[in-house]
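Here's a quick briefing on the structure shown below. Have it open while you read, and we'll go from charged pairs to the overall fold.

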Amino acid sequence: MNEVVTGAVTGTGNDINVELGFVPSYVKVVNRTKLGTDGNLIALEYWDGMGAGNAIGTVEVVEGSANTSHNLVNKTSDGVTVITSPFYGFKIPAAFQGSGDELYYIAVR
């Protein structure tokens, strides 16, 4: 049976540790504040087996008022890091968010 946790945190501009009570096998974090701005990294996705700080990133490409597309990028740093000590959870990197940003996440075990 899968365990799923969703939540929201406010960006600090520093690394944010999210305590879950389990080691996640999948994490997605969305930066709602950066939506609608060309070239911004708006989401990070981590799957079990990726290295620390790795993720697939989604970059928003605004092509006019009615057209927006998204490009996937391979993040080998400044991605999601799973935490196993002193608690279980994950880290949202400082490079992904700024002070006051609206961040939403889903984590699955």
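## Salt bridges and overall build

Arg109 and Glu3 make a salt bridge, and their closest N and O atoms sit 2.4 Å apart. Arg109 comes in the segment after strand 8 (102–108) and Glu3 in the segment before strand 1 (4–10), so this pair ties together parts that are 106 residues apart in sequence. Bear in mind that this is a predicted model.

**The Arg109–Glu3 pair, solvent side**

- Arg109 is partly exposed, because its relative accessible area is 45%.
- Glu3 has 33% relative accessibility, so Glu3 counts as partly exposed too.

**The other salt bridges**

- The count for the protein comes to 3 salt bridges.
- Lys91 pairs with Asp15, with 4.0 Å between the closest N and O atoms. Lys91 belongs to strand 7 (residues 89–92) and Asp15 to the loop between strand 1 and strand 2 (16–19), so this bridge ties together parts that are 76 residues apart in sequence.
- Lys91 is at 26% relative accessibility and therefore counts as partly exposed. Asp15, with a relative accessible area of 46%, is partly exposed.
- Glu102 and Arg32 bring their side chains together in a salt bridge at 3.5 Å, N to O. That one links distant parts of the chain: Glu102 is in strand 8, while Arg32 is in the loop between strand 3 (26–31) and strand 4 (41–47), 70 residues apart.
- On accessibility, Glu102 is partly exposed with a relative accessible area of 33%, and Arg32 counts as partly exposed at 48%.

**Charge tally**

- The protein carries 6 positive and 11 negative side chains.
- The centres of those two sets lie 2 Å apart.

**Fold and dimensions**

- Secondary structure comes to 0 helices and 8 strands, and reading along the sequence gives the pattern β-β-β-β-β-β-β-β.
- How does the radius of gyration compare with that of a compact globule? With 109 residues, a compact globule would come out near 13 Å, and the protein has 14 Å, which agrees.
- The C-alpha trace spans about 45 × 25 × 25 Å along its principal axes.
- Of the contacts between residues at least 6 apart in sequence, 60% join residues at least 24 apart.

**Surface and burial**

- Buried residues account for 37% of the 109 residues.
- The protein exposes about 5,900 Å², and 47% of that is supplied by carbon and sulfur atoms.

**A look at Val29**

- Leaving out residues up to four places away in sequence, Val29 touches Ile42, Ala43, Leu44, Phe90, Ile92, Phe96, Tyr104 and Tyr105.
- Take Phe96 from that list: Val29 and Phe96 are 67 residues apart along the chain, and their C-alpha atoms are separated by 9.5 Å.

**To recap**

- The Arg109–Glu3 bridge ties together parts that are 106 residues apart in sequence, and the Glu102–Arg32 bridge links residues that are 70 apart.

Note on methods: Residues are numbered from 1 along each chain as its sequence is written. This is a predicted model: local features need pLDDT of at least 70, side-chain atom pairs count only at pLDDT 80 or more; totals for chains, interfaces and linings use all residues. Side-chain values use heavy atoms; hydrogens and water are left out. Helices (H or I, at least four residues) and strands (E, at least two) are DSSP runs, numbered from the N terminus. The radius of gyration is taken over C-alpha atoms; the globule rule is 2.2 Å times the number of residues to the power 0.38. Buried means under 20% relative accessible area, exposed over 50%, partly exposed in between (1.4 Å probe, protein chains only). Contact means heavy atoms within 4.5 Å. Accessible areas come from the Shrake-Rupley method with a 1.4 Å probe; for residues, only the protein chains shown count as cover. Lys and Arg count as positive and Asp and Glu as negative; His and the chain ends are not counted. The place of a charge is taken as NZ of Lys, CZ of Arg, CG of Asp or CD of Glu.
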